[in-house]
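Please open the structure in your viewer and keep the selection tool at hand.

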Amino acid sequence: MALRPALLLLCAAVACATVGWGVAAPDANPNGQPVKAAPPAKEPAEDPAFKAKVLPFIKKYCLDCHSGEKAKGGLTLEGYVSEAHARKDRKNWLAVQHVTASGEMPPKNKPQPTKDEKEFFINWIENSLTKVDCSPSTVKDPGRVTIRRLNRAEYNNTIRDLCGVDFKPAEEFPADDVGYGFDNIGDVLSFQPILLEKYMAAADKILAAALNIPEPPRRTTQGFRPQNILTIPRSAKSREPGIKIVFTSEGSGFLEKFNFPAEGEYVVRFKGWGTKVGGDFPSATIRVDGKDVKTFTVDAESGKAKVYETRAKFPAGEKRVAVAFTNAFEDKENKKSREFGLELIEIEGPFNPVAPPEAPSVKLLLVARPGAGLEPRAAAEKVLGEFARRAYRRPVKPDELARLLKLFDVASKQGEAFHHALKLPMKAVLVSPHFLYRIEEDPKNPNDVRTINDFEFATRLSYFLWSSMPDEELFRLAAKGELRKPGVLEAQVKRMLKDPKARALSENFAGQWLQLRNLRTISPDKGLFPAWDDALRDAMAREAEAFFEYVVQNDRPVLDFLDADYTFVNERLAKHYGIAGVTGSEFRKVKLPDTRRGGVITMASTMTITSNPTRTSPVKRGKWILENVLGTPPPPPAPDVPELPPVGQLRGTLRQQMEQHRADPKCAVCHSKLDPLGFGLENFDGIGGWRAQDNKKDIDASGELPGGLKFSGPAELRKVLLGKSDQFRSCFAEKLLTFGLGRGLEYYDKCALDDVVRAAKSNGDSFSSMVLAVVKSDPFQKRKGKRSD
């Protein structure tokens, strides 16, 4: 019996309300460390040097370019009238400090500050605006993560691990917004009204699949009368068409397919008659799928057919059932043949059916069932308590469980079977904010810093490395308060990185850091790049994922991302790379035959996503390196700069055109950093294939970076980048922290970032050492009561 639709809708609505769409913080702080109070933030006194020296410096050397609506790089400095105002935009001032210290600003064609002016300006920014006290005795600001909704990937993975069903219901949800390069950022994971409808519909589908317990098969009789057959076999003759079939030759008979719905015993019978010739009646054998079951002597007279049957056990499935005439005889002297007449075949059953094995999802969810003295409501209490505990990723409260049991009672009173009655309270869990959001308790005092409890920490850890809920081992350690114990956390991180679920790190972290998801939407010009197809697109993405997974699983140094003598290819990608001896669609590790490629920078995926549909783009490639390798993203381009002409209209090589473009003083500053990096990769075409010429002219892949550092070709470029390994470590650590925390980093995260980089360097740059440093950091283990300025 099904719940009436109106009642079901009402109960679901009540469930949403009672299970907690008015989110309250947990009452207790299980296994959490004592709250630490940070000193109240005091606004420092205004430094007279700001108006006396800093503002004059800005007016003299900066405002010519960084003022008005067309401020270079989108950065305007004319609005800062006080130190307090400047302090609110620390990120901008960090950028100003960096470009001034590196000599990039002011531009060479502009008036230059004296050495003393420059040193004072840089030191003032560091000491007054961006300096952070990282001494051990200082209470650090861990920041505050906005309450985070599960994104689509996290929802799918969590449903897989919670309910044991491996399909992707979140593909029907609206796309998640992206912030700071990732789609798991709390500030941008908004809640749209349509999402609640999607969550309700998804919950129904999930529970229908997860609690799919087939009803016991009913006993049925399937019959087939030979008169239904349209064509009579050659070995048979019809005495009375439409009534019966008469067989006279050896081995002749009747064959039909029947469905055996479940494993069990079945009665197979036929109705027939025979003529006695040569002293014997006909013999007829029942065969199932070609195997003899039983042979009968058919001694009924014509017109007085009898039923002959046998009972045997058969597995489930469609089977061929035959009744075969096995002792044909012809009396030539009397001109008579022994005849076998067949009028009906029937299959009845199953008797004593064997229940089909239950799906793993049923065993996972139904941890208790009525019977053996256990009442249905008591069994439901155990099932729902366990389900809510895992779904909420913390111990479930008595009042929460009581509300769920009320929903079970509603369904039970409607006559629902036990597992069907559980669906309503389980649906309430799946649409509860305690499932859909990762809720963490705030300190009672908004200015305090709180160490998150072990359940919150386990949740942060599992969604960082698995994009899914904690497993039972993490829950067990959290419940005992042992997850942070010396040696335990290290062992758990290494275990989790070895787990197959860590592939989510390559799909969700690496997929966004390396921008592999962009491969789905780009469309290189097939006329210019005929090798491009879906198989090559998929192979490009899989190479980068497999490379990342290898680094993770084997705890390789993160510097392998910059340069390595190996990669992963299948036959399609090996052909594209010119690597011989690789056949088949399976990916395998190969040693690179030369120094053209190495690491992620020279992979075809990177080269393709940083190209235009008709040509390469040194600017995009240089920008990709600055953003994803060196951590120094360039400012946005000026709005009035024209695009380069299409490839067919270019005169000379693309490099020559770019150098003309860079001659514009408005473009020179940024392009002096972007273009050389991109020129070093010009031997790779728009889909990452190797080439020696561009527009029938030899490629010049040399470059010179600001500061005079020179290189020629991708191999030397990679050596240059390895020489900037500290920058890469910091950039990669920032990406990991951002992804793990679900928020963008702020100036006060500098201490944690420096700790991660130091830990990596002191442990051979192993991937696990960097991950472990992230999860041990204050921002990962703590939270502040209110958003920091």
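Helices (H or I, at least four residues) are DSSP runs, numbered from the N terminus. Both R484 and D454 are buried; buried means under 20% relative accessible area, exposed over 50%, and partly exposed in between, with a 1.4 Å probe and protein chains only.

Before moving on, note the conventions: residues are numbered from 1 along each chain as its sequence is written, and side-chain values use heavy atoms, with hydrogens and water left out. Local features need pLDDT of at least 70 and side-chain atom pairs count only at pLDDT 80 or more, whereas totals for chains, interfaces and linings use all residues; here pLDDT is the predictor's confidence in each residue, from 0 to 100.

Next, select K776 and E490, another salt bridge, with closest N and O atoms 2.7 Å apart. K776 lies in helix α27 (residues 767-776) and E490 in helix α16, so the pair ties together parts that are 286 residues apart in sequence. K776 is partly exposed because its relative accessible area is 42%, and E490 is also partly exposed, at 23%. Then display R144, E440, D442, R460 and R783, which salt bridges with shared partners join into one network. The structure holds 58 salt bridges.

Now move to helix α6 (residues 152-163). How many of the 12 residues of α6 are buried? The number is 9, and the helix is mostly covered. Its buried residues include Y155, I159, D161 and L162. The end C-alpha atoms of α6 are 16 Å apart, which agrees with the 16 Å that its 12 residues should span at 1.5 Å a residue; the expected span is 1.5 Å times one less than the number of residues.

R160 counts as partly exposed because its relative accessibility is 24%, whereas D161, at 17%, counts as buried. Just after α6, G164 takes a positive phi of about 75°.

From Y155, continue into the largest nonpolar core, which has 147 residues; Y155, F435, F548, F561, I625, F732 and F767 have the most contacts inside it. Such a core is a set of buried Ala, Val, Leu, Ile, Met, Phe, Trp, Tyr and Cys residues joined through side-chain atoms within 4.5 Å. Helix α18 (residues 534-553) gives the most to this core, with 10 residues. Select F548: leaving aside neighbours within four places in sequence, its contacts (heavy atoms within 4.5 Å) include L505, W513, F561, F732 and F767. Apart from this core lies another, of 26 residues, among them F254, V268, W273 and F325.

Finally, colour the chain by pLDDT. The mean is 87, and 86% of the residues reach 70 or more. Over residues 1-31 the pLDDT is below 50, and over residues 228-243 the pLDDT is also below 50. Where pLDDT is low, the predicted coordinates should not be read in detail.

Notes:
A salt bridge is a side-chain nitrogen of Lys or Arg within 4 Å of a carboxyl oxygen of Asp or Glu. Helices (H or I, at least four residues) and strands (E, at least two) are DSSP runs, numbered from the N terminus.
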